[in-house]
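Trainee: I should like to go through this structure with you, chain by chain. May we begin once it is displayed?

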Amino acid sequence: MGKYVLQRIGYMLITLFIIVSLSYFLMKLIPGSPFSAAEKLTDSQLAIMNAKYGLDQPVPIQYLKYMGNVLQGDLGVSFQFSNTPVTELISQRVGPSVTLGLQAMIFGTIFGIVLGVIAALRQNTWMDYGSTFLAILGKSIPSFVFAALLQYFIAVKLGWLPVAFWRGFEYSILPSIALAIFPISIAARFMRTEMIDVLGSDYITLARAKGATPFEVAFKHALRNALIPVVTVLGPLTAALMTGSLVVEQVFAIPGIGEQFVTSIKVLDHPVIMGTTILYATLFIVIIFIVDILYSIIDPRIRLSGGNN
Amino acid sequence: MKSILTVKDLNISFNTYAGEVKAIRGVNFDLKKGETLAIVGESGSGKSVTTKSIMRLLPKSNSEIKKGSQILFDGRNLADLSDKEMQKIRGRDISMIFQDPMTSLNPTMKIGKQIAEPLIKHQKFSKKQAMERALELLKLVGLPQPERRIKQYPHQFSGGQRQRIVIAIALACNPQVLIADEPTTALDVTIQAQILDLMKNLQKKIDTSIIFITHDLGVVANVADRVAVMYGGRIVEVGTVDEIFYNPQHPYTWGLISSMPSIDANDDELFVIPGSPPDLLNPPKGDAFAVRNRYAMAIDMEEEPPMFQVSETHYAATWLLHPDAPKVEPPEAVKRRQRKTPGVYNTKGEE
Amino acid sequence: MANHSGKRFPKEMFEPAHYDESLGEKIEKPSLNFWQDAWLRVKKNKAAIISLVLLTMLIIMAFIGPYLSGYDGDVQRAEHNNLPPRIEAIQHIDWLPFNGTITNREGETLTPYEDRQVEESYWFGTDQFGRDLFTRLWEGVQISLLIAFLATAIDMIFGVSYGAISGYFGGRVDNIMQRIIEILMGIPNLVIVILLILILEPGILSITIALAITGWTTMARVVRGQVLKLKNEEFALASKTLGATNIRIIFKHLMPNMVGVIIINTMFTIPNAIFFEAFLSFIGLGLQPPDASLGTLIESGFKSLLLYPYQLIIPSIVISLLMITFNLIADGLRDAFDPKMRD
């Protein structure tokens with residue numbers, strides 16, 4: 001187990017290195033200077049700005065410097081908010097994004113699992129069709145469309161919840177729901193399939209042959225076995241939540257990382273784009289890693305080995 | 001001998017997209033106390049469906065035990081019991097062993113707990129008592145190092161060991177009837193023999209009646225007291241193991257026996273029964289076996305044969321036993337067996 | 001187990017019947033090929049069939065829709081800006097939102113057509129520049145579908161080839177190719193798509209390329225898995241012993257067995273591409289004006305959501321319908337092709 005974890009961490013670092021390098025060079029390929037976007041600068045002013053941020057040096061040198069700084073936890077300074085370190089910009093905005101992401105993930109997976117279990121236990125009844133229909137809707141309607149519609153009907157028309165901004169829990173409800181519909185639908189679909197699969201397995205028949213009640217069969221024997229694989233969707237869900245947060249934060253004017261990322265893209269604020277990219281990539285890789293480890297802990301059949309798998 | 005379980009006029013249908021599949025079409029048999037009844041037949045003949053229906057384990061959504069079917073146990077018709085009443089019988093009075101030990105244990109539950117479960121449920125044992133009894137059961141089924149292994153998960157056991165655990169679960173509450181659905185089919189030949197021996201020994205110890213489902217006549221000869229041969233959702237011949245092996249009457253049983261490899265047969269080729277099982281979506285008129293039967297008569301195409309009595313214990317559903325039917329010669333392999341034991345059909349051999 | 005009694009049968013009934021060994025071999029069910037079988041299954045799935053009809057209608061509208069209203073989607077008429085939807089035939093049914101009125105934030109009902117003395121009717125209203133939204137909507141659907149189909153096609157061709165080569169040749173080749181995929185899958189798509197679009201500058205082609213570059217890995221993995229499974233089956237080995245070339249084995253023997261999986265995967269990729277296009281437009285990386293896609297329509301609709309909600313709601317409904325129908329058809333196909341579901 002220890003050996004496997006070390007190997008995985010090594011692999012993660014390599015992946016991360018490749019992502020950061022790739023993103024760096026891709027970013028350097030973006031046409032247009034970040035300084036020309038905002039205001040008209042003369043050539044000499046431009047040269048001064050470039051020198052100030054070290055952009056006058058050859059790209060490989062810039063790259064090496066940047067990587068050296070990243071290793072020391074320094075992501076550079078923003079072009080847009082002059083002289084504010086990227087790490088500071090990001091840490092100011094982590095709060096709302098994390099709150100939103102966690103709320104959506106927890107609410108989404110739990111509600112989705114419940115829906116999926118109900119659908120599987122009441123297979124081919126209106127409850128099953130209802131939950132399947134909800135799942136298809138959640139998977140199909142883009143989160144920003146859903147967010148905008150929620151905002152219009154629930155907040156503007158009915159006035160039940162605040163329209164936008166970030167000033168407390170009630171401000172987080174609508175954006176969390178908008179973000180959660182995707183996890184709900186994925187968890188519900190996955191759970192239903194797994195549960196039906198498990199309910200059809202031999203050991204469930206054996207449990208019934210032992211005289212277990214339908215309740216015991218469903219919750220003592222089937223649920224645990226069906227729940228284990230659901231852990232595997234957490235990785236893709238994280239990626240989806242990151243994507244979703246970009247637009248949902250935009251819709252509800254929430255000062256989170258996603259909103260900042262979109263702004264930085266629009267003004268070509270290279271250091272912020274890079275910093276957010278590194279953050280997203282790290283988060284994604286770490287969550288997939290945690291999921292793998294978690295999976296091996298809750299499923300007694302899986303014993304991690306050091307070899308390739 | 002007293003019957004412990006009687007099945008009368010059992011009819012079961014499955015509702016599929018294509019229509020109603022009449023999987024079981026009027027099955028009658030009884031299980032006597034302390035005996036082992038083997039049900040043999042090819043895939044799709046209805047042997048598993050019959051036994052699953054005794055346990056009422058068939059999926060409710062698409063299967064139906066027809067009205068008038070009787071599964072009499074302990075003075076009650078199991079076909080009419082509520083689900084709640086049935087849960088009390090399952091695992092306590094009637095228990096079951098399944099074909100594939102690799103998939104019949106819950107992968108995320110320790111085996112001790114799986115064995116203890118019916119004890120806590122039916123016998124109202126405390127957790128501690130149940131675990132002690134589970135340990136005894138593991139010793140009984142011959143699992144090495146039971147104290148250590150009781151805390152392990154199914155994936156840490158081999159197929160043969162797992163089948164021993166499944167047997168331990170089935171025997172936990174000393175059931176009156178044990179249904180074994182091809183319990184050795186998925187195992188290696190050497191392990192098969194061990195499991196069969198175990199079952200025979202246990203039956204003597206705890207005095208339970210066994211319904212043993214198999215398609216393997218070799219296994220039947222080894223374990224059974226009586227044999228019922230199923231074909232196309234019906235029992236076509238039933239008798240003691242000697243009657244079935246040495247004096248079979250139904251052409252399908254002839255086919256089964258001729259297709260068994262035997263040491264003293266000098267044929268180069270093994271006999272095969274031509275054709276495939278009948279389509280129970282549209283069961284054929286007359287005898288379901290007629291189209292595959294070289295001894296078929298005109299009447300086989302028109303009328304389903306009734307059960308003809310051959311001896312006190314031996315019945316067969318074939319028109320060949322009708323007084324008007326011509327005498328036919330059974331195949332060579334069957335005749336060879338008949339010659340070996342002339343006349344004596346209703347006493348057991350050295351077993 | 002009563003002995004037979006009663007009914008008597010004539011003697012000739014006990015004559016040997018005509019016995020034909022081949023009769024027993026007769027298979028009762030008619031045999032269906034792969035496509036017939038799959039079609040039978042899809043046909044039973046009502047949701048998939050309704051979706052198929054709906055989707056066909058949407059696709060037809062994407063092509064003929066822009067010519068139906070008689071307005072050019074690019075012509076700006078400032079005096080006709082922000083007019084709500086009005087369809088003359090049903091404008092007197094008050095509960096339908098096509099009566100040419102709009103409610104402002106104070107709850108008053110406004111009648112801009114009458115106020116501004118506009119004679120024409122715009123079925124889905126107009127945008128802030130007075131462009132006909134009905135025409136723009138279907139043009140947008142056309143472009144969104146085009147991007148989705150293009151990206152999916154590239155995905156499919158590249159993913160299938162990559163997966164087939166990796167799986168078929170195995171060993172070192174497979175090892176290296178799989179490591180590459182693993183690293184690619186470790187990168188959040190979002191980041192790569194955004195960087196690529198910034199480099200290539202937003203447009204139909206750049207969006208398509210960005211989507212294709214990030215999308216093919218799933219297909220490659222699925223196809224590789226299938227090839228690994230199939231290449232060791234007897235029919236492939238038999239062909240190999242007969243001296244068939246690798247190319248022939250892959251295309252003649254393995255491909256036909258993977259068609260189902262590839263189609264299912266493709267059907268799931270299309271809605272994904274539609275989503276990503278709209279997503280990119282929404283964060284400002286979409287098509288540049290005056291081109292319209294569903295994403296850009298939603299984006300500009302969102303900007304005027306408070307005053308003119310119809311500008312957001314109509315394209316939202318259409319994109320949701322597209323996504324739902326594609327997903328339901330894909331689900332139906334998966335159930336139809338999945339051998340586990342056979343009954």
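Trainee: In what order do the elements of chain A run from the N terminus on?

Mentor: Residues are numbered from 1 along each chain as its sequence is written, while chains are lettered from A and ligands numbered from 1 in the order in which they are written. Helices (H or I, at least four residues) and strands (E, at least two) are DSSP runs, numbered from the N terminus; chain A has 13 helices and 0 strands. From the N terminus on, its elements therefore read α-α-α-α-α-α-α-α-α-α-α-α-α.

Trainee: Which feature does UniProt place at residues 94-295 of chain A?

Mentor: Over residues 94-295 the chain is 83% helix and 0% strand, with the end C-alpha atoms 28 Å apart. UniProt positions are given in the numbering used here, feature names are shortened, and annotations may be inferred rather than shown by experiment. The UniProt record, an unreviewed entry, places there the feature "domain: ABC transmembrane type-1".

Trainee: Why is helix α12 of chain A described as largely enclosed, and which elements do its buried residues pack against?

Mentor: A residue is buried if 20 or more other C-beta atoms lie within 10 Å of its own, exposed if 12 or fewer, and partly exposed in between, with C-beta atoms placed from the backbone. Helix α12(A), residues 257-266, is largely enclosed by the rest of the structure because 7 of its 10 residues are buried. Among them are Glu259(A), Gln260(A) and Phe261(A). The buried residues pack against α5 (86-121), α11 (234-251) and α13 (270-298) of chain A together with α6 of chain C.

Trainee: Which element of chain C gives the largest share of the side that touches chain A?

Mentor: Two residues are in contact if their C-beta atoms, placed from the backbone, lie within 7 Å, and this contact takes 31 residues from chain C and 34 residues from chain A. Ala, Val, Leu, Ile, Met, Phe, Trp, Tyr, Cys and Pro count as nonpolar, Asp, Glu, Lys and Arg as charged, and the others, Gly among them, as polar; the chain C side has 25 nonpolar, 6 polar and no charged residues. The largest share, 8 residues, comes from α11(C).

Trainee: Which element gives the most to the side of chain B that touches chain A?

Mentor: That contact takes 24 residues from chain B and 17 residues from chain A. By class, the chain B side has 9 nonpolar, 9 polar and 6 charged residues. The element that gives the most, with 4 residues, is α3(B).

Trainee: Over which residues of chain B is the pLDDT below 50?

Mentor: Chain B averages a pLDDT of 85, and 94% of the residues score at least 70. Where pLDDT is low, the predicted coordinates should not be read in detail. The stretch of chain B with pLDDT below 50 covers residues 344-351.

How values were computed
Predicted model: local features only at pLDDT ≥ 70, side-chain atom pairs only at ≥ 80, totals over all residues. pLDDT = per-residue confidence, 0-100.
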